[in-house]
Amino acid sequence: MEKVLSAKNINKYFHDPQPFHVLKDISLTVEKAEFVALVGKSGCGKSSLLYVLSTLDKNYDGMIEINQCPVTGLGEQELADVRKKSIGFIFQFHYLLQDFTVLQNVMIPALKLKRFDAKTIEQNAMKKLRQMGMEGFAGKLAGNLSGGQQQRVAIARAMINDPDILMADEPTGNLDSANSAIIFDIFSELVEQGNTIIAVTHDNDFAGKCTRIIEMVDGRVIN
Amino acid sequence: MTTNINFSIAKVHLVSRKRQTLIVMLGVTFGIAMFILMISFMKGANKYLQDAMLSSAPDIRIYNDVKTNYSTSIADEYYKNANNLLTMVHHPKPKQVTVNLKNVQGIINSLTNNKEVVAVSPVLSAIVFFSYGQVQLNGMVDGVNIQEELKLYSLNEKMVAGKAEQLAGKENGIILGAGIAGKLNLKLGSDVNLLTAAGVNKLFKVVGIFKFGIGTIDNVKAYINIKSAQQLIKKNKDHYTEIRLKLANMDHAKNLALLFARRYNYKAEDWETANSSIRASNIVRNVLTYVVSIALLIVAGFGIYNTMNMTIASKMKDIAILKTAGFTGKDIVTIFSLQSLSIGIVGSLSGISIGYLLSYILSKVPFPRSDLINLNYFPVIFEVKYYVFGVLFGLLTAFIAGLMPSLKASKLDPVTILRGL
């Protein structure tokens, strides 16, 4: 199988308010088309691990490779390139740009990447929105949507550049069970299409349906 | 959305929060407008005061200073060789002194050849009594060649009746200060009698009345023709008491006065020395103007910085999202600099427009009428350099105010921002 992500000996410390060893010597690999659930109790470091794996946090020791390319120690510009080409993010609190329309929100990462012209990007964005069942809201301001709707738009945005890996931080943490089910179905479908997903979750039902569960206790991975 | 994504995002940010954008912009606008109004008014007031005080002072005056030498006496001379004799003269009096200049025509010829000198006016000043009916006032007349004298000051701007040039055509004409004219109830065409210490009594006809707005001039001074003045004090036609000069650059007055004093061996006094109190008050007023302007700009600058800072703080979440979507720190700085620059451009342009409007309105507000002050409206000057400075300052402050917080935000890891939310 093809290795999409590998992490070796990750250590991370918080210094404020008091020194705390949050990630303890974590090594793991994720392969293509895996649907990984990262579970554990609050404070065990699962969100911190996700941020480190997703290059949003540079402050760690160890070695991370995405698509066999090391990303540790890259500069601002290179990291931005990796983020826009290889990684899609989904957060617990949906994090859309509130002042922009749904369509603009989905298009922005692609416009930044400039792989296609604006017209193609718009078609792609509409295709992604249709996949999420959100094409009817394309012209609406993101701030006017409900939480579940915003989360689906956020997934469309994360997918717009066809990333190698999709990282989700509690994607259903803020949603009711009906919306959670919709999001999970979307994720499953994406995995079937060959996408790789790592999701931090509290939700045991959600985790139970994933292809692989990584459990963390006190900053360590246990199996 | 156009191809330049940073530009589009900046535009959406500005347009979607119209109220916030407007408030920040108004901060710039009012700061600049107040600066323009203040500096135009204060500089106008300074200019008015300086003009008023210097309006009757020539750049350089050359005159014969009364200096008497009391160190020797005829008694000293006479008993010089006598032994053991102490001569002592109590309270010596000066011998006859003359206050006129000699070889005036020669000096004038020499001065007109000097490139620094723009105009030369020889003058005969005399102390007189103005009498009209039973009233007598003491005063001072300047016997002048009015054509030359007009090259020195804009006397015509100060005329409240008649024209200064009319003096040339009328040998017994007189131009009076408004104060004298008022006290003696004189109008254009009235007759006034002048009496001098030489015992001459001569009738003059009023051809003009001036008002400088300075009591010590308006209440005592009058202009007559040089020939009449010479007749009044019974002197011949090359009798002059001073030569007044106008220079190409009045800042050179001090050095030139020294030069002329040495060359012609008369006292030469420059306007700064003659009006040292004016100079001091000028310096004080100028410093005051700058202090007020700088204070105003600092307050405006901080206002701009504050609102800009808050705007960017409220967009921290957007910055984190954009960064996770692959925007670099440079993109973030570009997006917010574009916003602060547009705010700076529109804000400072509307600032100078409002500043101009307010200054214009102030310049049309009538000044409370007064017999002594020759001022119809509030003094305001319009100088392009203040407007250029206003725009540059507004642009720069807004730009820096936007740049600093966005530079700070651009360096943060997205996760630092997300955790803080």
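In the predicted model, the axes of helix H2 (residues 18-54) and helix H15 (residues 384-411), both of chain B, approach to within 10 Å and cross at roughly 150 degrees. Angles over 145 degrees count as roughly antiparallel, and H2(B) and H15(B) are therefore roughly antiparallel to each other. Their crossing is right-handed. On the side of H2(B), the contact is formed by B:Val28, B:Ile32, B:Phe35, B:Ile36, B:Ile39 and B:Ser40. H15(B) contributes B:Tyr386, B:Tyr387, B:Gly390, B:Gly394 and B:Ala398. Sorted by class, the residues in this contact are eight nonpolar and three polar, with no charged residues.

The largest nonpolar core holds 114 residues, of which A:Leu38, A:Val102 and A:Ile198 touch the most other members. H2(B) supplies the largest share of this core, with twelve residues. When neighbours within four places in sequence are left aside, the contacts of A:Ile198 are A:Val30, A:Val36, A:Leu38, A:Leu50, A:Leu53, A:Ile165 and A:Met167. Another core, of 51 residues, lies apart from the largest one and includes B:Ala126, B:Tyr153, B:Tyr223 and B:Leu256. In soluble globular proteins, nonpolar side chains tend to be buried together.

Between the two chains, 18 residues of chain B are in contact with 23 residues of chain A. On the chain B side, the elements giving two or more residues are helix H1 (5-16), helix H13 (316-324) and helix H16 (414-420). The side of chain B that touches chain A comprises eight nonpolar, seven polar and three charged residues.

Backbone torsions were also examined. Most residues other than glycine have a negative phi. B:Asn103, a residue other than glycine, has a positive phi, near 55 degrees. B:Asn103 is located in the loop between helix H3 (74-78) and helix H4 (104-112) of chain B. A residue counts as exposed if 12 or fewer other C-beta atoms lie within 10 Å of its own; B:Asn103 has 11 and is therefore exposed.

A positive phi, near 55 degrees, is likewise found at B:Lys234, also a residue other than glycine. The loop that holds B:Lys234 runs between helix H9 (226-232) and strand E9 (242-247) of chain B. B:Lys234 is exposed because 11 other C-beta atoms lie within 10 Å.

Terms used:
Residues numbered from 1 in each chain as written. Chains lettered and ligands numbered in written order. Predicted model: local features only at pLDDT ≥ 70, side-chain atom pairs only at ≥ 80, totals over all residues. Axes fitted to C-alpha atoms, helices over the stretch in contact; angles between N-to-C directions. Helix = DSSP H or I, 4+ residues; strand = E, 2+ residues; numbered from the N terminus. Parallel < 35°, antiparallel > 145°, perpendicular 65-115°, else oblique. Left-handed = near helix turned anticlockwise from the far one by under 90°. Contact = placed C-beta atoms within 7 Å. Nonpolar A, V, L, I, M, F, W, Y, C, P; charged D, E, K, R; others polar. Core = buried A, V, L, I, M, F, W, Y, C linked by C-beta atoms within 7 Å. Buried ≥ 20, exposed ≤ 12 C-beta atoms within 10 Å, placed from the backbone.
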